[in-house]
2 protein chains.
Amino acid sequence: MEYTQRLNELETHSRRLDSGAACRKEWINCVVEYSENFLDNLSRLNHKTIHEDNPSDDGITQYGITDKGSNIGELVNALDTHVFKNGLESAHANYFAFVSGGALFPSALGDLLAGVTNKFSGLNFLAPGAVKLEHMLISWIASLFGYPKEHAGNLTSGGSAATLIALVTARDSSGLRPNEYERAVVYLTKDTYNCVHKGMRILGMHDVILRFIDFTNEWQMDPKCLQNQIRSDKKAGLIPFFIAISIGTGNLGSIDPIDKIADVAEEQDVWLHADAAYGGFFILVDGLKHWFKGTERTDSIIIDPHKGLFLPNGIGAIVIRNGRKLYESHKLSGYSNDILQDVEIDEWSPSDLSFELTRPFRGLKMWLTLKLFGVTTFSSALEEKMLLANYFHHKLTEIDGIIAGPKPVLSVVLFHFGARNRSLSDRMSRELMRYILSDGRVYLSSTTLDGIYHLRICVLNFRLHRENIDLLLSIIRVNTEKLRKKNNLKRLKVNDEC
Amino acid sequence: MEYTQRLNELETHSRRLDSGAACRKEWINCVVEYSENFLDNLSRLNHKTIHEDNPSDDGITQYGITDKGSNIGELVNALDTHVFKNGLESAHANYFAFVSGGALFPSALGDLLAGVTNKFSGLNFLAPGAVKLEHMLISWIASLFGYPKEHAGNLTSGGSAATLIALVTARDSSGLRPNEYERAVVYLTKDTYNCVHKGMRILGMHDVILRFIDFTNEWQMDPKCLQNQIRSDKKAGLIPFFIAISIGTGNLGSIDPIDKIADVAEEQDVWLHADAAYGGFFILVDGLKHWFKGTERTDSIIIDPHKGLFLPNGIGAIVIRNGRKLYESHKLSGYSNDILQDVEIDEWSPSDLSFELTRPFRGLKMWLTLKLFGVTTFSSALEEKMLLANYFHHKLTEIDGIIAGPKPVLSVVLFHFGARNRSLSDRMSRELMRYILSDGRVYLSSTTLDGIYHLRICVLNFRLHRENIDLLLSIIRVNTEKLRKKNNLKRLKVNDEC
């Protein structure tokens with residue numbers, strides 16, 4: 001038979017992919033050894049949080065895709081040099097920038113198991129247990145926010161994908177037509193995360209009207225302003241379509257007044273969406289629960305387990321209070337090709353509740369990690385982060401020359417160098433930032449509040465404890481003093497001339 | 001200081017998350033041991049490919065989210081019973097259904113490394129090496145299809161997400177406005193995968209006109225019909241917007257005549273999109289390259305490394321020939337919140353080229369796996385799968401009573417029970433399918449071709465070799481004979497009465 005010889009040849013090559021136990025052992029030992037070294041180094045306090053990039057070499061592109069295979073040790077070395085030690089070390093306890101949870105180790109093991117077993121979690125008939133596990137996680141999230149059992153949801157790659165699903169569901173639920181986009185209105189604040197703007201662009205809703213609602217004195221969306229705006233928009237023949245509130249803004253960690261906004265949304269019959277990507281899991285902290293009053297009245301909530309549950313990047317969630325609306329917008333049936341004709345649509349599958357068909361089994365790592373530690377460990381860690389932010393805020397006020405921003409609701413703190421006018425204040429604050437970054441032991445980011453440049457920390461990494469805050473405080477103290485001396489500024493007092 | 005005592009208490013709990021080396025060792029040993037057992041069992045030929053679900057218990061929902069933590073062994077056991085041994089075993093060599101690559105082990109190690117190190121691959125300034133690595137993989141894919149260096153692309157969760165990005169880019173590039181959707185036309189075939197339909201629904205393009213172009217005798221989109229249809233649509237004042245061709249349909253594995261369709265697309269100035277999710281990597285096989293002539297003329301291509309490169313579920317790719325169009329549709333700038341003000345937009349980041357901001361570092365597992373084995377191993381494996389499909393097709397013709405479908409282009413083979421009329425043929429074919437599935441050693445799916453029910457295999461799993469095809473053939477032989485006897489059918493000859 002003509003096929004036999006060539007098939008035998010090819011099978012010899014091809015079977016290399018089906019690596020035996022000995023080969024797998026060599027690989028896994030190498031990877032685990034690297035991981036352990038990586039984590040050991042990470043725990044040393046003086047480990048620099050920013051690695052230097054060498055501009056003279058091509059980095060990882062030296063290791064392009066080639067015909068012949070390579071040795072695992074060589075590859076892990078290349079990754080170490082050019083990928084893992086290149087850029088910011090957001091897993092480090094002294095990384096205070098943006099919003100970073102740190103990546104719990106057992107989650108990586110969850111992904112390992114998901115990869116080895118490769119259950120297809122998109123369709124119920126292919127992997128009923130995997131689908132059930134994901135539904136269970138969604139229901140757990142839904143229960144945190146007081147959603148009824150009619151909810152439905154999906155585990156996504158992150159908040160942007162989850163927001164896209166919320167926008168699609170809201171659009172279809174409202175019956176908004178493409179020729180009405182120009183009259184459709186979205187209500188948000190200047191601190192609403194940009195995934196809402198981007199989601200609308202993706203959906204072709206470039207012309208939707210954005211109403212940035214005024215803040216209250218607490219940097220929250222003002223319900224009264226919102227109400228007035230919707231009323232006047234309706235009078236003008238516009239179509240109020242979507243209210244986007246924030247449960248923990250990326251900028252300041254503030255929470256919009258959910259219950260009061262829900263009153264407006266109900267009265268005016270507008271879809272109420274909550275971005276709880278960063279702040280949502282703080283609902284586990286008893287002392288913060290009052291901030292979340294009214295979540296059960298929202299129509300959709302997004303939340304990122306890779307933030308508040310400290311999982312590695314790549315897992316967000318969307319929950320819709322009226323699950324059928326999600327299903328009606330995203331269901332697979334009606335699109336099915338013939339090759340899915342054997343599939344019995346007995347209950348909703350994740351593929352019916354998202355734009356994705358195939359995707360990784362995201363729920364596994366989340367379940368494994370939550371089960372391993374138990375929820376109490378997470379609520380303790382989140383309460384700790386919140387208290388650390390408050391502790392930092394309090395200690396900042398003791399540093400001569402530093403003006404602390406608003407008292408933190410969750411775990412974000414802003415501060416700046418206080419000087420006699422905004423321009424000097426900004427210049428000095430930026431110089432302080434450069435000093436701190438050049439020290440190299442900690443990494444911060446910055447933001448603008450009320451037009452003033454602020455340094456900003458977000459306390460979320462699970463590795464971050466009081467010792468890290470104390471280190472940061474000492475670095476701020478030393479550099480504030482240095483800055484003062486260098487610029488021949490007099491002894492500083494908050495709001496004094498300098 | 002008031003914070004101290006409570007912080008100390010909380011830190012004690014919270015530090016459990018920062019598990020030490022001993023704890024990590026216990027966890028990883030448990031997970032690796034399970035993985036090894038799983039893979040060992042998988043390699044036994046008689047391992048049943050469908051596990052039984054026990055309807056009397058609640059499955060994994062018995063292991064709901066609780067306050068207290070659990071033991072890793074207990075959790076892995078629960079996963080084994082209720083998740084991994086529940087549903088279809090698509091990683092098994094005797095799983096011939098749908099399109100399944102099988103999941104190479106080193107990819108799971110790649111995800112482990114990505115999870116432990118947690119580099120944020122979405123933004124260049126956070127992880128330049130990770131971003132470079134992903135760009136390198138996109139460029140490698142682009143080079144396979146002959147795209148110019150002006151291409152850009154993104155690694156997605158799969159083909160559906162990639163298709164969504166293609167549709168968004170095509171829409172924005174054409175300048176199509178929402179009030180024109182009713183006049184916009186998409187050209188496809190009955191075998192175009194449903195992610196195109198679903199993508200349009202997601203984008204609110206419910207009213208777009210779908211033109212299902214006739215097939216040629218080889219189940220390809222007919223270029224002449226396409227040309228005529230576009231011309232007449234233009235005359236009618238419609239807006240031809242998107243041509244979706246298939247490079248390997250899910251149904252039959254057929255490839256549309258790319259070069260000839262590209263002539264039409266160029267002449268008529270319509271976006272040409274290719275779905276190469278399943279078939280794309282067969283371009284690595286020398287003997288198949290002629291089928292891919294013209295890919296360099298398409299505007300966008302999607303391809304799934306979790307299919308043709310045998311990676312675990314969760315990695316697709318989109319490549320756009322004119323990368324700037326992708327960037328213009330998806331770029332982050334203009335949406336940026338203040339907290340990203342420190343970010344210098346020096347080169348395109350993955351977040352500028354997708355609807356996603358945060359997402360897992362998908363490129364790592366793909367790079368590690370490709371580098372470890374080298375491309376030649378993959379081209380050999382793909383050639384083997386293609387030849388196995390041809391071998392199977394050839395052998396089928398020797399089985400009395402079985403009618404083989406079209407000679408495979410890639411690695412999909414259809415067949416049915418030949419009887420004197422369609423209705424009997426369908427009934428017998430379905431009965432044959434039930435027999436084969438009840439045997440339990442192999443798993444097939446089915447499809448419809450020209451209105452006739454066909455059994456269908458897709459040969460793609462990297463664990464699948466000639467011995468698996470021979471087993472399948474023997475099962476088909478035995479059951480065809482059994483079916484014939486049971487139904488008192490005479491000796492069969494293809495196309496004969498029976």
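Q: A polar contact is a pair of N or O atoms within 3.5 Å, where within protein one must be able to donate a hydrogen and the other to accept it, and residues adjacent in sequence count only if both atoms are side-chain atoms. How many residue pairs are in polar contact between chain B and chain A?

A: This is a predicted model, in which local features need pLDDT of at least 70 and side-chain atom pairs count only at pLDDT 80 or more, whereas totals for chains, interfaces and linings use all residues. Residues are numbered from 1 along each chain as its sequence is written, chains are lettered from A and ligands numbered from 1 in the order in which they are written, and side-chain values use heavy atoms, with hydrogens and water left out. Between chain B and chain A there are 48 residue pairs in polar contact, both residues being at pLDDT 80 or more.

Q: What area is buried between chain B and chain A?

A: The size of an interface is often given as the accessible area lost when the parts come together. Here about 15600 Å² is buried between chain B and chain A, with carbon and sulfur atoms giving 63%; this is the accessible area (1.4 Å probe) lost by the two parts, summed over both. The contact (heavy atoms within 4.5 Å) takes 173 residues from chain B and 173 residues from chain A.

Q: Which rotation superposes chain B on chain A?

A: Two copies of a chain are related by a rotation about an axis and a shift along it. For chain B on chain A, the rotation is 180 degrees, with 0.0 Å of shift along its axis and an RMSD of 0.1 Å (least squares on the C-alpha atoms of residues with pLDDT of at least 70 in both). That is the relation of a two-fold axis.
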